[in-house]
Amino acid sequence: MKLNVNLPNHPYDIVIEKGILAKAGEWLASLWSAQKLVVITDNHVASLYVETVKRSLELAGFEVFVFNFLEGEASKNLTTVTNVYEFLAKVGLTRSDGIVALGGGVVGDLAGFVASTYMRGVHFVQIPTSLTAQVDSSIGGKTGVNTPWAKNMVGTFTQPDGVLIDPDVLKTLGQRELIEGMGEVIKYGLIEDVELWKELSDMDGSPESILEHAESIIYHSCNVKRKLVVEDELDNGVRLYLNFGHTIGHAVEATAGYGKVMHGEAVSIGMVQVARVAEKEKLMPKGITTEIEKMCCKFGLPTDYQPWCQEELYQALLHDKKARGKMIKLVLVPKLGTATIYQIPLEEMKTYLEK
């Protein structure tokens, strides 16, 4: 299966195919000429897949180096970025060479940021290995690293030259890692894709059912993101719909300590919390909170987090990138399959953090 992200200045394809990881070299040779490559990954993904990818790339004529760092959200920072820059300089990566991001969302975000800033930009591709990265973070060109003040506070918009998705790699994910990706999948059904929501409703919620439906839910999710990215590449309008549940979710991630609550888990918590308040305010339909909560619970996602400190969460979301001056753009779902942006004063977000 193939989807085209038909941006006018930088179109690229998302390829979704079981078993295609072993053909990464053949795929990349169709995009780039033979050159020096650095595969950026983490230690866990490296132990599983880096040899397969490296061998395939070398057989296709690329000169390949590998940089891996300690897995986890806590490594997604400027210290790791500096270490990567040093490695790229040592192996002599030039502006006509490329970077391959092989891993989950942390790897993709960090590698994309490095690619967009090293020597003012080198080209890169995404090979996502987690469900969250396959359905969401590998597509659309958002790169970034965390700071002590906020998640993804430092970053760029830089599109990859291609995205290669092999659903088979999901079989090696831990159960928690697989399940957390469903937070983003559920979001896509809510904001845009009623057909996806129906498919999720028909599934039994087990890890086995996720793997069985992987190709379909990845395709549906990527297609929603592709459409919104093409319409609003720089995240000023409809692309903000993708942030349903994220404003509160990111605050939960930051206050819990990066990595303690996984991204998809935080999105699940954020969706339920914002829906609960918006439904009470008659901004979202009656009963939708229960529907969202049931769907998240069915797939094993959390819908609450303790300790819930309203003031700490509020301070964390003051740094949210959707804030404009003293206002913030909050994404709501007025009916299943539709999203809207509701602009409110930042101060009013305290209401949305009330339990």
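Is Lys227 buried, partly exposed or exposed? Lys227 counts as partly exposed, at 35% relative accessibility. The points below concern a predicted model.

1. **The salt bridge of Lys227.** The side chain of Lys227 meets that of Glu192 in a salt bridge, at 3.3 Å from N to O. Lys227 belongs to helix α10 (residues 214-231), whereas Glu192 sits in the loop between α7 (182-191) and α8 (194-202), so the pair ties together parts that are 35 residues apart in sequence. Glu192, with a relative accessibility of 32%, also counts as partly exposed.

2. **His220 in helix α10.** Helix α10 also holds His220. This histidine counts as buried, at 14% relative accessibility. When neighbours within four places in sequence are left aside, the contacts of His220 are Asp193, Glu195, Leu196 and Glu199.

3. **Domain organisation.** The domain assignment divides the chain into domain 1 (2-172) and domain 2 (175-353). Taken over C-alpha atoms, the centres of domain 1 and domain 2 are separated by 25 Å. The contact takes 34 residues from domain 1 and 35 residues from domain 2.

4. **The annotated region.** The unreviewed UniProt entry carries the annotation "domain: 3-dehydroquinate synthase N-terminal", which covers residues 69-179. As the annotation may be inferred rather than shown by experiment, it is reported here as it stands in that record. In the model, residues 69-179 are 35% helix and 14% strand, and the end C-alpha atoms of the span lie 24 Å apart.

5. **The largest nonpolar core.** This core has 74 residues, of which Ile186, Leu200, Phe244 and Ile292 touch the most other members. Helix α12 (residues 263-280) supplies the largest share, nine residues. The core lies between domain 1 (2-172) and domain 2 (175-353), because both give residues to it. Apart from it lies another core, of 23 residues, including Val15, Val45, Val100 and Leu102.

6. **The surroundings of Leu200.** Which residues does Leu200 contact, leaving aside its neighbours within four places in sequence? They are Met182, Val185, Ile186, Ile217, Met295, Lys298 and Phe299. Ile186 is, like Leu200, one of the residues that touch the most other members of the largest core.

7. A search of the whole structure gives 15 salt bridges.

8. **Other charged groups.** Lys350 and Glu347 meet through their side chains in a salt bridge, at 3.2 Å from N to O. Lys350 is partly exposed, its relative accessible area being 25%. Elsewhere, a network of salt bridges links Asp136, Glu184, Lys187 and Lys225.

9. **Gly181 between two helices.** The loop between α6 and α7 contains Gly181. This glycine is buried, with a relative accessible area of 0%. Not counting residues up to four places away in sequence, Gly181 touches Leu131, Thr132 and Val135. From C-alpha to C-alpha, Gly181 and Thr247 are 17 Å apart in space, and they are 66 residues apart in sequence.

10. **Cysteines.** How many disulfides does the structure hold? The structure holds zero disulfides. Cys222 is in no disulfide, and the nearest cysteine sulfur, that of Cys296, is 19 Å away. Cys222 counts as buried, at 0% relative accessibility. Cys297 is partly exposed, with a relative accessible area of 46%.

Key. Residues are numbered from 1 along each chain as its sequence is written. This is a predicted model: local features need pLDDT of at least 70, side-chain atom pairs count only at pLDDT 80 or more; totals for chains, interfaces and linings use all residues. Side-chain values use heavy atoms; hydrogens and water are left out. Helices (H or I, at least four residues) and strands (E, at least two) are DSSP runs, numbered from the N terminus. A disulfide is a pair of cysteine sulfur atoms within 2.5 Å. Buried means under 20% relative accessible area, exposed over 50%, partly exposed in between (1.4 Å probe, protein chains only). A nonpolar core is a set of buried Ala, Val, Leu, Ile, Met, Phe, Trp, Tyr and Cys residues joined through side-chain atoms within 4.5 Å. Domain bounds come from an automatic or database domain assignment. Contact means heavy atoms within 4.5 Å. A salt bridge is a side-chain nitrogen of Lys or Arg within 4 Å of a carboxyl oxygen of Asp or Glu.
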